[in-house]
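Look at the structure first, then read on.

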Amino acid sequence: MDIALFGNPNTGKTSLFNHITGSYEYVGNWSGVTVEKKVGRIKQTNRSLIDLPGVYSLNPLSKDERVASLALLENEAEQILNIVNADQLERSLYLTTELMETGRPLVVVLNMVDLAKRHRVTINLERLSNRLGVKVFTTVARKGDGCQDLIDFLKNEPTNHPSSFSLNYGEVIESAIREMESVMAQKGDTPRRWMLVQYLNDNGMICDLLDEKFPELRGIRQKADEVLRETTGKRIDDVIYETKMAYIRDVIADTCVLTKEKEVFKFTAFIDRIVTHRILGIPIFLLLLFLVFQLTFDWLGTPMSDLLDQWLSGPVTDGIQKALDAMGAVPLIKAVILNGIIAGVGGVLVFVPQIFILFFFISLLEDSGYMARVAVVMDRLMEFIGLNGKAFIPLVIGFGCNVPAVMAARTIEQPKERLLTILITPFMSCSARLSVYALFVAAFFERHQALIVLSLYVLGIVVAILIAKLFSFFLKNEKSYFIMDLPPYNVPQLKSLLRSTWDKGKGFVRKAGTFIFGGTVFIWVLSYFGPSGMDVPIDKSFMAIVSSVFAPLFAPLGFASWQAVSALITGFLAKEVVVSTMNVLYFVPKGVTLSGLLPHYFSPLAAYSFLVFVLLYTPCLSTVAAIKKETGSSKIALFSIAYSFIAAYIIAYVVYILGRWIF
Amino acid sequence: MKLSEVKINEKLRIEDFGDMDSQMRRRLKEMGVFEGKSVKVVRYCPLGGPCLLECEGQLFGIRKKDTLCIKGELV
Ligand SMILES: Nc1nc2c(ncn2[C@@H]2O[C@H](COP(=O)(O)OP(=O)(O)O)[C@@H](O)[C@H]2O)c(=O)[nH]1
């Protein structure tokens with residue numbers, strides 16, 4: 001029997017899941033939605049535990065949240081493990097009452113009992129268990145306390161008896177429910193009370209489902225709503241809510257003792273005074289960000305990447321070369337493996353350390369509770385461009401690498417805001433593009449290097465803002481709202497940090513092995529073969545021929561050489577490949593550097609226009625793949641390729657024309 | 001009195017959500033913030049940014065425009 005894990009966000013669901021299951025048994029997507037579905041095997045048993053997104057109720061607002069309700073509707077969740085925040089019992093139990101109404105076997109896990117204790121809350125477990133009519137366990141999921149008891153229970157008692165739980169919502173609602181039940185029964189359906197309660201509670205998802213099959217229900221609801229308004233002046237959903245809350249308060253009064261009024265923990269209040277400070281809040285955030293980037297790209301990441309690079313291009317390449325020689329491989333195979341695969345895939349793999357380090361710090365900021373504060377501090381700015389504070393985080397991550405940035409957009413509730421965020425994220429100038437800038441500013445703008453690079457970063461941001469503003473006119477027909485739960489700060493556990501780092505980063509490694517691998521071989525083949533056979537001079541290769549066809553297209557932007565176009569084409573693989581392609585294609589003679597050579601091919605203005613184009617054009621292959629995965633739509637992935645290409649073209653053109661006019 | 005008029009560290013007992021967006025109101029209720037509860041203003045972010053609130057030891061942030069809807073009495 002499968003068990004599904006339900007609970008509010010930030011109640012320790014992930015921690016509990018990690019403690020009571022071994023490795024993932026299955027990670028995939030929920031059918032129809034692109035939310036990740038994680039299933040784990042409960043330790044010492046052969047039962048599966050399904051992880052569900054955190055929800056406050058069964059009435060979903062976001063795509064993520066729909067999954068939890070879907071799991072109930074589609075009977076994926078045959079049994080329920082409901083994690084409850086012992087420190088926020090009242091609001092946590094709201095979901096519990098909704099879950100108990102479904103009548104499925106249910107076990108309550110009271111988590112965060114350590115925090116409850118610090119708040120001087122004493123809970124009588126036995127009485128709580130009796131009142132709710134379900135088994136209750138206590139845990140501190142952060143440390144793993146109590147998890148073994150839970151595992152033992154799940155191991156030894158496979159069949160829980162369904163709880164019989166039902167609240168009386170008063171005569172008007174109850175008779176509406178009866179009426180609806182008989183309508184459904186007449187049509188040969190077995191009505192489920194919990195669904196009807198949700199229906200009356202205006203649960204959009206359930207309304208859509210039932211209205212389609214039973215159009216009569218709408219009228220019954222309306223009638224009940226009118227009667228209630230006349231007699232009590234209350235809305236139907238308010239009555240349902242108040243009934244549940246009255247029950248919950250009664251249970252709490254019966255089982256809990258609160259010896260003093262609850263306050264925010266001193267430590268949390270203290271940190272918040274600093275990091276959400278009116279004036280210092282944003283500078284502190286920028287400083288932290290700067291530190292994270294320094295660590296990722298300068299202090300830790302780059303040395304590690306360099307080591308990996310040396311190792312790949314040294315011992316690994318040599319070893320494989322020797323092995324190939326020993327096997328007597330034909331030159332074609334050797335060239336594919338050494339110049340194509342190792343150079344190409346290796347070129348991407350060297351970024352693995354940086355990616356993982358960046359993810360580690362992002363997990364750290366998330367887990368500690370700080371990211372939630374950043375979203376609040378930045379909300380005002382983001383609202384201005386049609387987004388909300390939660391969208392800020394992915395954009396920041398985008399300066400490191402667009403792939404994790406696109407993935408980080410998951411936390412945004414409103415689907416359209418999420419889509420918008422995903423679409424503009426690639427304009428954030430990632431670290432790969434920096435290598436192209438570095439090459440060109442050294443060649444053309446020796447005196448103003450930093451200024452030129454900064455201008456490109458700023459241009460990326462400005463374009464992102466403009467595009468967001470533009471798209472929000474087309475996309476925005478959903479209401480924007482913003483409400484951010486700020487959990488107490490806590491020191492993250494190393495183990496869970498490593499696990500979430502790995503969860504986030506492993507996709508990158510996998511992609512290097514599949515997608516990028518294929519793309520690299522393809523592009524390499526194009527430059528190795530020509531109409532006259534294989535191993536042709538590069539300017540006679542298919543690559544040169546194909547690029548020459550497209551080159552005139554770029555004449556208005558100032559750079560129409562086939563080499564530049566080839567570099568752009570290969571840059572689609574990964575933007576840093578632009579540099580290596582140019583190194584190959586311009587036949588750099590000994591004693592001359594590429595940056596010494598480039599001024600023969602570009603005017604300074606054309607070079608800047610080229611940089612603008614590199615900044616803005618088509619996101620790299622990995623980013624496009626991430627966009628496709630996250631949005632679940634090839635169309636959107638293709639759209640992002642097309643529109644950013646067009647945007648890049650127009651803006652580079654304007655820059656070039658303006659430049660010519662000025663100079 | 002509107003929540004937006006409440007000073008920092010003062011508490012308002014909520015009486016009415018006015019014409020707040022229904023989804024927003026629902027989410028607040030699900031988070032345990034409803035009529036009869038007291039909320040304390042912890043901080044206003046600059047430039048008309050969100051407002052940090054506390055309700056029974058729980059911190060959350062909502063937009064300024066929503067604080068205009070919430071009405072109640074100082075406690
Ligand atoms: N003090 C305390 N913190 C906990 C407990 N369980 C989880 N946490 C912390 O609460 C935060 C949120 O936990 P997480 O498992 O990510 O929650 P989720 O959002 O529900 O998946 C993390 O920083 C955990 O370390 C607990 O029992 N006690």
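A salt bridge here is a side-chain nitrogen of Lys or Arg within 4 Å of a carboxyl oxygen of Asp or Glu. B:Lys29 and A:Asp238 form one through their side chains, at 2.8 Å from N to O. This is a predicted model: local features need pLDDT of at least 70, side-chain atom pairs count only at pLDDT 80 or more, and totals for chains, interfaces and linings use all residues. Residues are numbered from 1 along each chain as its sequence is written, chains are lettered from A and ligands numbered from 1 in the order in which they are written, and side-chain values use heavy atoms, with hydrogens and water left out.

**The interface**

- Contact (heavy atoms within 4.5 Å) involves 33 residues of chain B and 41 residues of chain A.
- The two chains bury about 3,500 Å² between them, and 52% of it lies on carbon and sulfur atoms. Buried area is the accessible area (1.4 Å probe) that two parts lose on being put together, summed over both.
- B:Arg27, B:Glu30 and B:Arg63 supply 21% of the area that chain B buries against chain A.

**Charged and polar links**

- Six salt bridges cross the interface of chain B and chain A.
- Between the chains, 16 residue pairs are in polar contact, both residues being at pLDDT 80 or more. A polar contact is a pair of N or O atoms within 3.5 Å; within protein, one must be able to donate a hydrogen and the other to accept it, and residues adjacent in sequence count only if both atoms are side-chain atoms.
- The side of chain B that touches chain A draws two or more residues from each of α1 (22-30), β2 (38-44), β3 (51-55) and β4 (58-62) of chain B. Helices (H or I, at least four residues) and strands (E, at least two) are DSSP runs, numbered from the N terminus.
- α1(B) gives the most to that side, with eight residues.
- Over the whole structure, the search finds 33 salt bridges across all chains.
- A:Glu216 and A:Lys187 form a salt bridge at 3.4 Å, N to O. A:Glu216 is in helix α10 (residues 216-232) of chain A, and A:Lys187 is in the loop between α7 (171-186) and α8 (193-200), 29 residues apart.

- Two strands pair if DSSP finds at least two bridges between them.
- Six strands form an open, antiparallel sheet in the order β10(A)-β4(B)-β3(B)-β2(B)-β1(B)-β5(B).
- β10 of chain A and β5 (71-74) of chain B stand at the edges, each with a single partner strand, so one side of each has no neighbour in the sheet.
- Strand β10 (residues 483-486) of chain A pairs with β4(B) in the antiparallel sense over four bridges. There, A:Ile483 stands opposite B:Ile62.

**Inside chain B**

- Strand β1 (residues 11-16) of chain B pairs with β2(B) over three bridges, antiparallel. B:Leu12 has B:Val39 of β2(B) as its bridge partner.
- β2(B) and β3(B) run antiparallel, joined by four bridges. B:Lys40 stands opposite B:Glu54 in β3(B).
- These two strands form a hairpin with six residues between them. In the turn, B:Leu47 has a positive phi of about 60°.
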